[in-house]
Amino acid sequence: SKQSAEPPEKETAPEEGAVQEKERCVPAFMEGVQEENTGARRGTAMHRVLECFDFTRDFDTLQEQIAWMEETGLLEAHLSGLLSLQGLELFFRSRLAERMQKAARAGKLYKEKPFVMGKPASQVLEQTDSDVMILIQGIMDAYFEEDGKLVLVDYKTDAVRSAPDLVKRYQAQMDLYQEALSRAAGKEVKEKILYSFRLRREIQV
């Protein structure tokens, strides 16, 4: 999911006999940034598969569907190598995935839905009591209808140690998404669920 708030030289040959250090892909001081970027790309890859995956089909078609995404260009080659197949397979064995499949087969699963919602600055930003309207923009990973109410789903690949850590990080975001979804759909959001690929479990918010 994404969210934002905004107001309305030539190479030279080595000297003969010189000992060459093995080439590094990135400078040492950039390694942390490289790891962070790889993590972000892995998150993008996982989200892309879940966005394009046909939940109406059996889950054992995962690798077949990924191959189709690669062939059609929906999943770029530089991203497919970053996928955690084991992580995806575990997700598709979860109760959450079963519920999403049931909703999809009933035509009630919605993925990658953008929204824009206006809220007073005092309700969005800390240390301000301004009533100036702020536009909140985001993209919901998925939501589905179940028993006449809605279930909001957000996939996370963050490197966290515990469920409370993840909830603390994303509670405010999920509350905003809940409000936006309820407003737009005119229905109650009965559950907000984070699925953590690091913890390999779903977490109620």
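**Terms and the values behind them**

Author: β4 and β5 pair in the parallel sense over 7 bridges. This is a predicted model, in which local features need pLDDT of at least 70 and side-chain atom pairs count only at pLDDT 80 or more, while totals for chains, interfaces and linings use all residues. Residues are numbered from 1 along each chain as its sequence is written, and side-chain values use heavy atoms, with hydrogens and water left out.

Reader: What makes β4 and β5 a pair?

Author: Two strands pair if DSSP finds at least two bridges between them. β4 and β5 have 7 bridges, so they pair. In β5, Ser196 is the bridge partner of Lys156. Strands are DSSP runs of E with at least two residues, and helices are runs of H or I with at least four, numbered from the N terminus.

Reader: Why is Glu191 called buried?

Author: Buried means under 20% relative accessible area, exposed means over 50%, and partly exposed is in between (1.4 Å probe, protein chains only). Glu191 has 17% relative accessibility, so it counts as buried. Glu191 lies in strand β5, residues 189–196, where 7 of the 8 residues are buried.

Reader: How do you know that Glu191 makes a polar contact with Arg99?

Author: A polar contact is a pair of N or O atoms within 3.5 Å; within protein, one must be able to donate a hydrogen and the other to accept it, and residues adjacent in sequence count only if both atoms are side-chain atoms. The side chains of Glu191 and Arg99 make such a contact at 2.6 Å. Arg99 is one of the buried residues of α5.

Reader: Which residues is Glu191 in contact with, leaving aside its neighbours within four places in sequence?

Author: They are Arg99, Glu146, Leu150, Val151, Leu152 and Gln204. Contact means heavy atoms within 4.5 Å.

Reader: Why is the pair of Phe91 and Tyr195 called edge-to-face?

Author: Rings of Phe, Tyr and Trp (its six-membered ring) pair if their centres lie within 6.5 Å; planes under 30 degrees apart count as stacked, over 60 as edge-to-face and the rest as tilted. The structure holds 13 aromatic pairs. Phe91 and Tyr195 are 4.9 Å apart centre to centre, with 75° between the planes, so the pair is edge-to-face. Phe91 lies in helix α4 and Tyr195 in strand β5, so the pair ties together parts that are 104 residues apart in sequence. Phe91 is buried at 0% relative accessible area, and Tyr195 is buried at 2%.

Reader: What makes Lys156 a charge over the ring of Tyr170?

Author: A charge sits over a ring if NZ of Lys or CZ of Arg is within 6 Å of the ring centre and within 35 degrees of the ring normal. Lys156 lies over the face of Tyr170, at 3.6 Å from the ring centre.
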